[in-house]
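Here are some friendly notes to read alongside the model.

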Amino acid sequence: MPVQTPVVIIGAGPAGLTLSHLLHLRGVESVVIESRSREDVENTVRAGILEQGTMNLMRETGVGDRMDREADIDEGIDISIEGKRTRIALTELTGHNVAVYPQHEYLKDFIARRLADDGTILFETTVDDVTGTDDDSVPSQVRYTTADGTQETITCDYVVAADGSKSPYRARVVEATGGARSRHEYPYAWFGILVDGPKTQKELIYATHPEGFALISTRTDDIQRYYLQCDPNDDPENWSDDRIWEQLHLRVDSEDLQVAEGRIFDKSVLRFRSAVTEPMQHGRLFLAGDAAHTVPPTGAKGLNLAVADVAVLAPALARAVKDKDERLLADYSSIALPRIWRAQHFSYWMSTMLHAAPGETRFEANRRVAELDAVLRSEAGRRYHAEQYVGADLPVFD
Ligand SMILES: Cc1cc2nc3c(=O)[nH]c(=O)nc-3n(C[C@H](O)[C@H](O)[C@H](O)COP(=O)(O)OP(=O)(O)OC[C@H]3O[C@@H](n4cnc5c(N)ncnc54)[C@H](O)[C@@H]3O)c2cc1C
């Protein structure tokens, strides 16, 4: 087991693995500690859309070959109001596109690359505590427990908490800095299914209907990801296969399109909220990805924001480790946060236009749909939506 490293990264999700890879390319080694097994990390289905900037980062850092071979590149999305679809031509409007490439495939590529580069990822190993990150007179130490129950300690210069939406470290940052955690709760959730069957169509369909929202998405040629708006306290048991297909057809079908059915092999309720922690650092402890912020999945920003954070953090950490220059590191939060808030706004805006809030009055429903209709009718509206959806390019530092 390593006893010392410049950077310890807690979590082998998109934030942690991407950061470790970017640091390695800048000549800085790190240790990634992940409580789950490699198999679990590589098989858990979560997000599925890569923004243009995330694709660029994969290609430019030598991890994009399989994505280029296997991902579906989408040049548009459909937005449907009661079965009437309008296409947002992403590529035509912005010059960029998105890739449908499941998060677990992204993680497989980065794990393989880190291991090929002799990187250290400790799977089935849980971080128990972090000490010394706010005190320059003592070294930072990370205490962890391995799969066989052995307790170990590793000493480092910097700790990055990339440990997901339940991170205990953000409360520590907020308390130490007098910062804040801003939150917004939504009165709805997504009931998600995985389907063994053919695609309904190549490009995603975001649908609104008086019965609620639906999303027709895909993971591979043979596995489809569909979502239906539901109550946050809903139980997957309440959703029989018949009810699922009836609701998907009702919310999405039109004269020229029918949702393609298949064998449903997974049902789950995905609750969501918006939240941002500010600042995202204290002393030598840094938050990245879902540890710092959470977005509703509607805008497909979760994975992409995690990658955008570490695209800022990696060069700043490299400069601090190699040149002992912490000035860029000091600016990490102020560089990352404006992009995070823009993504929060877009995810909130898209969510609230597309979902029928419980108890919505006739006025509220008609105004909401009129707003969406106005965006779709206007070329400027579609362009704005497309720009936000594909994401601006990732920040680049020399
Ligand atoms: C069920 C689900 C569905 C989703 N669907 C979508 C979607 O459709 N579209 C979208 O854009 N986003 C979606 N998201 C969000 C997206 O997956 C996240 O935004 C993304 O995973 C964030 O990456 P991350 O690296 O910050 O955190 P994570 O991917 O959560 O990685 C954190 C890692 O840290 C590990 N960890 C935690 N604590 C410890 C510890 N103490 N010691 C060691 N390891 C630890 C965890 O095991 C985990 O592997 C979904 C999320 C979930 C949960």
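**Notes on the predicted model**

1. The side chains of S254 and R85 make a polar contact at 2.9 Å (a pair of N or O atoms within 3.5 Å; within protein, one must be able to donate a hydrogen and the other to accept it, and residues adjacent in sequence count only if both atoms are side-chain atoms). S254 sits in the loop between α8 (241-252) and β17 (263-270). Leaving aside residues up to four places away in sequence, S254 touches G83 and R85 (contact means heavy atoms within 4.5 Å).

2. A word on conventions: this is a predicted model, in which local features need pLDDT of at least 70 and side-chain atom pairs count only at pLDDT 80 or more, while totals for chains, interfaces and linings use all residues. Residues are numbered from 1 along each chain as its sequence is written, and side-chain values use heavy atoms, with hydrogens and water left out. Helices (H or I, at least four residues) and strands (E, at least two) are DSSP runs, numbered from the N terminus.

3. Which residues come nearest to the ligand? They are A15, E34, R46, Q103 and D290, out of 29 residues around it (a residue is near if one of its heavy atoms lies within 4 Å). The shell divides into 13 nonpolar, nine polar and seven charged residues (Ala, Val, Leu, Ile, Met, Phe, Trp, Tyr, Cys and Pro count as nonpolar, Asp, Glu, Lys and Arg as charged, and the others, Gly among them, as polar).

4. A polar side-chain atom of R36 lies 3.0 Å from a ligand oxygen. On the backbone side, a polar atom of V127 is 3.0 Å from a ligand nitrogen, and one of G302 is 3.3 Å from a ligand oxygen. The protein covers 83% of the 990 Å² of accessible area that the ligand has on its own (Shrake-Rupley method, 1.4 Å probe). α9 gives the largest share of the shell, three residues.

5. The whole structure holds 29 salt bridges (a side-chain nitrogen of Lys or Arg within 4 Å of a carboxyl oxygen of Asp or Glu). One of them joins R66 and E70, with the closest N and O atoms 3.1 Å apart. Both residues lie in helix α4 (residues 65-70), four residues apart, about one turn of the helix. R66 and E70 also belong to a salt-bridge network with E105, K108 and D109.

6. In helix α12, D373 and R377 are four residues apart and meet in a salt bridge at 2.8 Å, N to O. R377 is exposed, at 62% relative accessible area, whereas D373 is partly exposed, at 24% (buried means under 20%, exposed over 50%, partly exposed in between; 1.4 Å probe, protein chains only).
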